Amino acid sequence: MRRRLDRHNDLLRSLFAFALVCVVFMGRVGTVFGDPDGVTSIFRPLAQPAQEIKETSLLVLVICAVIFLIMFGLLVYSLIRFRHRPGDEASEPPQIYGSNQIEMAWTVLPILIVFVLILVTSRTIADIQNRKASPGALQATVTGHQWWWEIRYPELGIVTANELHVPASDQSRRRPTFLKLQSADVAHSFWVPQLAGKTDLIPNRENRMWIDPTQPGTYLGNCAEYCGTQHARMLIRVIVHPPVEFERWVTEQRRPAAEEPTALEGRRVFFRNSCVNCHTIRGTSAQGAFGPDLTHLMSRQTLASGAGLNTTETLRAWVRDPQRLKIGCLMPNMQMTDTEVDQIVSYLQTLK
Ligand code: CUA
């Protein structure tokens, strides 16, 4: 009697634990589907190839959910229907051996299901990977660094960082962007969930991917491969412009750096310090290639690869001591005085 009660309690406890896990999981799924700021949801794609990936994922999820429900239903049914009853101690349950039909069914059916899954996923993968760049497509090279993104448009002569600007496609004119992905140090992974799947950036290797968004806006993404201390602050923004606005952005970015007479002092401080060894400002003698290009720094929305918004306070904090804003980052504290920091900040703010 005692043993039976214990077993009952164990069963109840397991069911309760399972229910709890389900509730927690559903809560998570709820935020993925319904969070108004859930900008990083793969379930709300706004471009190809993310749309295609979502459709395949949903099909796979539905097939797996049906299998799960059937299996779990049978399990629960058996647990209740064939539970231990008084008087069971003396007898063995009936032993049933091989039925050819049943064995054929549970061998053939899973094989068919696996084949469906293989065919569907390989079709999606081939569709995405074999896409060739059409003549009008935009080309950009993204290089992963610890911990920021270098973005070059070789055909346009533009270099920027952490924000990939692309034109939106429309029905009359498709203009996808084809990306070459490289790494300057360790493995990173480029992931903007609403636009496309993840693609790794591997040292000494060139990977490719493409995006074809139709809706203008800002899309958030992040590095999806652990790459060191500041992996979490290696955020990326893809800014999708209407075509005309994109052309305007290109024209502005192609200009060399502005030279404002108001910031001469700051300019001098910048060029006297070792800032120039790491940063490029086009049209000046600063030609460093180790850190982000600063030619149009003020046109960016964030600083330090998304560590903070591009405001005067954040810029000042960043120049004063980068290690406070982004511990472990490769820009050292230059030990400048308050006046020097202010001067450099006012110079940087002329780089529009
Ligand atoms: Cu770069 Cu993680």
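Helices here are DSSP runs of H or I with at least four residues, numbered from the N terminus. In this predicted model, helix 2 covers residues 50-81 and carries both Phe68 and Phe72, which sit four residues apart, or about one turn of the helix.

Across the whole structure, a search finds eight aromatic pairs. Phe68 and Phe72 form a stacked pair, because their ring planes meet at 10° with the centres 5.7 Å apart, and planes under 30 degrees apart count as stacked. With a relative accessibility of 45%, Phe68 is partly exposed; Phe72, at 25%, is likewise classed as partly exposed. Tyr77 and Phe82 make an edge-to-face pair, with 90° between the planes and 6.4 Å from centre to centre. Tyr77 has a relative accessible area of 48% and is partly exposed, whereas Phe82, with 57%, is exposed. Elsewhere, Tyr153, Phe246 and Trp249 are linked into a cluster by ring pairs.

Charged side chains also meet aromatic rings in the model. Arg131 lies over the face of Trp210, 4.1 Å from the ring centre. For Lys198, the charged end sits over the ring of Trp191, at 4.5 Å from its centre.

On the scale of the whole chain, the protein is divided into three parts: domain 1 (41-84 + 103-130), domain 2 (138-254) and domain 3 (261-348). Between the C-alpha centres of domain 1 and domain 3 there are 50 Å.

An open sheet of mixed pairing is built from six strands, in the order 1-9-6-2-3-4. Its edges are strand 1 (47-48) and strand 4 (158-161); each has a single partner strand, so one side of each is left without a neighbour in the sheet. Within the order, strand 6 and strand 9 run antiparallel and are joined by five bridges. Leu181 has Asn207 in strand 9 as its bridge partner.

Strand 10 takes part in two further pairings. With strand 7 (residues 188-191), strand 10 pairs in the antiparallel sense over two bridges, and Phe190 stands opposite Cys223 of strand 10. With strand 11, strand 10 also runs antiparallel, joined by six bridges; here Gly217 has Val240 in strand 11 as its bridge partner.

The largest nonpolar core holds 32 residues, and Tyr153, Leu164, Phe190 and Val238 are the ones with the most contacts inside it. At least two residues of this core come from each of strand 2 (138-145), strand 3 (148-153), strand 5 (163-167), strand 6 (177-183), strand 9 (207-213), strand 10 (217-223), strand 11 (235-241) and helix 4 (243-254). Val238 gives a detailed view of the surroundings: leaving out residues up to four places away in sequence, Val238 touches Leu164, Val166, Phe190, Val192, Leu195, Ile211, Gly217, Thr218 and Tyr219.

His231 lies in the loop between strand 10 and strand 11 and is buried, with a relative accessible area of 18%, since buried means under 20%. Apart from its neighbours within four places in sequence, His231 is in contact with Trp147, Cys223, Ala224, Glu225 and Tyr226. Thr350 is found in the segment after helix 9 (338-348). With 7% relative accessibility, Thr350 also counts as buried. Setting aside residues up to four places away in sequence, Thr350 touches Ala258, Glu260 and Ala263.

Conventions
Residues numbered from 1 in each chain as written. Predicted model: local features only at pLDDT ≥ 70, side-chain atom pairs only at ≥ 80, totals over all residues. Heavy atoms only, no water. Phe/Tyr/Trp six-rings, centres within 6.5 Å; stacked < 30°, edge-to-face > 60°. Buried < 20%, exposed > 50% of the residue type's maximum accessible area, 1.4 Å probe, protein only. Lys NZ or Arg CZ within 6 Å of the ring centre and 35° of its normal. Domains from an automatic or database assignment. Core = buried A, V, L, I, M, F, W, Y, C linked by side-chain atoms within 4.5 Å. Contact = heavy atoms within 4.5 Å. Pairing = 2+ DSSP bridges.
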